[in-house]
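Subject: Structure for you to look at

Hello,

Here is the structure I said I would pass on. Please open it first, then read the notes below with it on your screen.

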Amino acid sequence: MEKLRIGIIGTGSISHLHMAGYKELEAEGRVEIVSCCDLDEGKLNRYCDKYGVARRYTNCEEMMAKEQLDCVSVCVWTVNHAKCTIAALKGGAHVLCEKPMAMNAAEAEEMLNTAKACGKMLQIGFVRRFGEDAETIQRLVEDGTFGDIYYAKAIYLRQQGCPGGWFGDKAYSGGGPLIDLGVHVIDLTRYLAGNPRPVSAFGVTYDNLGPHRASGSAGWTIETGPEAHPYTVEDLCVGMVRFENGLTLTLETSFNLNIPGDVGDVELYGTKAGTSLSKMNILAVKDHQFVTFTPEEPHSFRFQLAFNAEIRGFVDASQGLVPCKATAEDGVWLMKIIDALYESAKTGASVAIS
Ligand SMILES: NC(=O)c1ccc[n+]([C@@H]2O[C@H](COP(=O)([O-])OP(=O)(O)OC[C@H]3O[C@@H](n4cnc5c(N)ncnc54)[C@H](O)[C@@H]3O)[C@@H](O)[C@H]2O)c1
């Protein structure tokens, strides 16, 4: 089989994890990492020097016009996900676009429609679906261990954990912890529950700690100077999402909260058993007794391993070897949920999702 030709758009933090995944496949002779693109030429050059990539661009349309690429990772600021993804799809590549899919559902739908029109695959960077923890729980869900899952909690709370810079600037990020962190746990919960269709959402956001929480010691600071990004996103979002199959999901997610320590978890409650993904102890009823057990297979979430599995899954799916595990359709549903939660936080009412 011919080596697939790979391109990466955006050479910031997360692109290093994508590159490591492609390097693994390059070592197996399956892909060739052909070209990279970033608006920031200095950053682009440092990245390409580090990984030995010769062909470099500061404009993604130009890269797509000049290169014949089979698969492209889009790892840019969220505000540019739609633009870069559409350019890559129209340029003839299958695309893996980082999460969140877009700034809102309208952009996400345009991306999905472009993928369909171009006959290309668009995968969304829901990397948590590729963790060993998710795989273990999914196997148990498929075995019927949980029965019908009717209640779930998605939790991603940070005490003072805004990544800083553009992540705190709504014009670039689309929002705060809901769109940045909540997207991971809402998606993972929905995925493990069988991707049910959302029907309504009720959300509340708070922004009363905000930039006052920034401190160098916490690992992030509010930028200063003429080029600085303002801090304009929420600190906390709590919400509830209802699904067509009767599932109710509650959400808690924060960049800033007076909580003793950071917490990340997905909890699932079914008619036969319940579990917390982080604790991985399953409570079930057997012979009229409560029993708890922990599956013996690996069940931690290891960041780089999950990214390697995600990139391998993307490349395999682009060749039709496996189905795409994180589809653009699911990305659109996630953006609809996020839009509805933000809308509800504005109006104070529950918002229908269709
Ligand atoms: N899956 C995860 O767990 C995870 C973790 C962190 C970030 N992310 C996502 O990855 C994306 C990038 O985040 P990051 O932390 O790497 O940000 P970053 O700021 O470190 O890097 C983004 C890069 O994109 C470049 N860029 C922006 N617009 C561009 C364009 N039109 N063309 C070319 N380059 C462009 C910027 O110059 C920058 O170098 C975000 O959407 C973020 O939500 C995902």
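Predicted model: local features only at pLDDT ≥ 70, side-chain atom pairs only at ≥ 80, totals over all residues.

**Helix 1 and its two partners**

Helix 1 passes helix 2 in a right-handed crossing. On the side of helix 1, the contact is made by Ser15, His16, Met19 and Lys23, and on the side of helix 2 by Tyr47, Lys50 and Tyr51. Sorted by class, this contact of helix 1 with helix 2 has 3 nonpolar, 2 polar and 2 charged residues. Helix 1 covers residues 15-27 and helix 2 covers residues 41-51; they pack at an angle of about 25°, and their axes are 12 Å apart. Because the angle is about 25° and angles under 35 degrees count as roughly parallel, helix 1 is roughly parallel to helix 2.

Helix 1 also packs on helix 9 (residues 303-318), at an angle of about 60° and with the axes 8 Å apart. That angle makes helix 1 oblique to helix 9. The crossing of helix 1 with helix 9 is right-handed. From helix 1, the contact takes in Leu17, His18, Ala20, Gly21, Tyr22, Glu24 and Leu25. From helix 9, the residues in the contact include Phe303, Phe307, Ile311, Phe314 and Val315. The contact of helix 1 with helix 9 divides into 9 nonpolar, 4 polar and 3 charged residues.

In it, 6 strands form an open sheet with parallel pairing, in the order 3-2-1-4-5-6. Strand 3 (55-57) and strand 6 (122-125) are the edge strands, each pairing on one side only. From one strand to the next, the twist averages 20°. Strand 5 and strand 6 run parallel and are joined by 4 bridges. Which residue of strand 6 is the bridge partner of Glu98? The partner is Gly125.

Helix 9 comes back here: it lies across strand 1 (4-9), strand 2 (31-37), strand 4 (71-74), strand 5 and strand 6. Its direction is at about 155° to strand 5.

An open sheet of 9 strands has mixed pairing and the order 14-13-12-11-7-10-9-8-15. Its edge strands, strand 14 (289-293) and strand 15 (351-352), each pair on one side only. Strands of a sheet pair through backbone hydrogen bonds, either parallel or antiparallel. For strand 7 (residues 149-157) and strand 11 (residues 263-270), the sense is antiparallel, over 8 bridges. Within this pair, Lys153 has Glu267 of strand 11 as its bridge partner.

Helix 10 (residues 328-347) lies across strand 8 (198-206), strand 9 (236-243), strand 10 (248-254) and strand 15. Helix 10 runs at about 50° to strand 8.

Where is Pro298? It is in the loop between strand 14 and helix 9. Leaving out residues up to four places away in sequence, Pro298 touches Glu132 and Thr136. Pro298 and Phe126 are 172 residues apart along the chain, and their C-alpha atoms are separated by 20 Å.

**Confidence**

The mean pLDDT of the protein is 95, and 96% of its residues reach 70 or more.

Regards

Terms used. Residues numbered from 1 in each chain as written. Heavy atoms only, no water. Pairing = 2+ DSSP bridges. Helix = DSSP H or I, 4+ residues; strand = E, 2+ residues; numbered from the N terminus. Contact = heavy atoms within 4.5 Å. Axes fitted to C-alpha atoms, helices over the stretch in contact; angles between N-to-C directions. Parallel < 35°, antiparallel > 145°, perpendicular 65-115°, else oblique. Left-handed = near helix turned anticlockwise from the far one by under 90°. Nonpolar A, V, L, I, M, F, W, Y, C, P; charged D, E, K, R; others polar. pLDDT = per-residue confidence, 0-100.
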